[in-house]
Amino acid sequence: MVILNFKADRMKKLILFICPTLLLCSCTKKAEPVTTVIPTADYTLIGHKGKITFPEMTAEVYYENDSILHWKTTDTAGKTAEGDEKMHYQKLTDNLHFLNWIEKDGFTVSQLIDTQNGTVKAFWSFHDPKSDKAGRSSLFVDGKFEFIK
């Protein structure tokens, strides 16, 4: 009988220990998953100024709105030119922008600007009296883009 009482007493203590532990564990609130919002940079082109560095010139451009821009170029000899242009603009993604305009002298510019990675792919078409293609020539030019104040 003593052995049975000892086992029963031991069993009661074990149950009295386990029950509150299980109750405590089941009542604790489970942690909610934590969502961290990482702020992204603003790669908007419109309303900002940028500097494009090409091998033979640097261009400072103010993208006034989605149809007007002002540009100023400086070539390697220090000669400057500038103009205000009506442009065609298409935002392809948050950081990819396609632009096209025709300057007063017929120089045509098409650009794909990646404001996140700082790259520019440009296509220029221009008057060339030596060309047998309706007096025009064209070329692709790579450049580096950066925002300026």
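# Reading burial, contacts and salt bridges in a predicted model

The protein has 1 helix and 9 strands, where helices (H or I, at least four residues) and strands (E, at least two) are DSSP runs numbered from the N terminus. This is a predicted model, in which local features need pLDDT of at least 70 and side-chain atom pairs count only at pLDDT 80 or more, while totals for chains, interfaces and linings use all residues. Residues are numbered from 1 along each chain as its sequence is written, and side-chain values use heavy atoms, with hydrogens and water left out.

Q: In what order do the elements of the protein run from the N terminus on?
A: The order is α-β-β-β-β-β-β-β-β-β.

Q: Why is His97 called buried?
A: Buried means under 20% relative accessible area, exposed means over 50%, and partly exposed lies in between (1.4 Å probe, protein chains only). His97, found in strand E6, has 0% relative accessibility and therefore counts as buried. Of the 149 residues of the protein, 27% count as buried.

Q: What makes the pairing of His97 and Tyr89 a polar contact?
A: A polar contact is a pair of N or O atoms within 3.5 Å; within protein, one must be able to donate a hydrogen and the other to accept it, and residues adjacent in sequence count only if both atoms are side-chain atoms. The side chains of His97 and Tyr89 are joined by such a contact at 2.7 Å.

Q: Which residues does His97 touch, not counting residues up to four places away in sequence?
A: With contact meaning heavy atoms within 4.5 Å, His97 touches Tyr43, Leu45, Tyr89, Gln90, Lys91, Gln111, Leu112, Ile113 and Thr115.

Q: What makes a set of residues a nonpolar core, and which residues have the most contacts inside the largest one?
A: A nonpolar core is a set of buried Ala, Val, Leu, Ile, Met, Phe, Trp, Tyr and Cys residues joined through side-chain atoms within 4.5 Å. The largest has 19 residues, and Tyr63, Leu69, Leu99 and Ile113 are those with the most contacts inside it. Two or more residues each are given to this core by strands E2 (57-62), E3 (68-75), E6 (96-102), E7 (108-114), E8 (119-127) and E9 (136-148), with the largest share, 3 residues, coming from E8. Leu69 touches, among others beyond four places away in sequence, Tyr63, Leu99 and Trp101.

Q: What makes the link between Lys121 and Asp142 a salt bridge?
A: A salt bridge is a side-chain nitrogen of Lys or Arg within 4 Å of a carboxyl oxygen of Asp or Glu, and the side chains of Lys121 and Asp142 meet at 2.9 Å, N to O. The pair links distant parts of the chain, Lys121 being in strand E8 and Asp142 in strand E9, 21 residues apart. Lys121 is partly exposed because its relative accessible area is 49%, and Asp142 is likewise partly exposed, with 47%.

Q: How many salt bridges does the structure hold, and how do you know that Asp94 and Lys91 form one?
A: The structure holds 2 salt bridges. In the pair of Asp94 and Lys91, the closest N and O atoms are 3.9 Å apart, which is to be set against the limit of within 4 Å. Asp94, at 57% relative accessibility, therefore counts as exposed, whereas Lys91, at 41%, counts as partly exposed.

Q: Why is Gly143 called buried, and which residues does Gly143 touch, not counting residues up to four places away in sequence?
A: Gly143, whose place is in strand E9, counts as buried because its relative accessibility is 8%. Gly143 touches Ile52, Thr53, Phe54, Gly118, Thr119 and Val120. Between Gly143 and Gly118, 25 residues apart in sequence, the C-alpha to C-alpha distance is 8.5 Å.

Q: Is Thr119 called buried, partly exposed or exposed, and why?
A: Thr119, placed in strand E8, has a relative accessible area of 33% and is therefore partly exposed. Besides Gly143, its contacts include Leu112, Ile113, Asp114 and Phe145.
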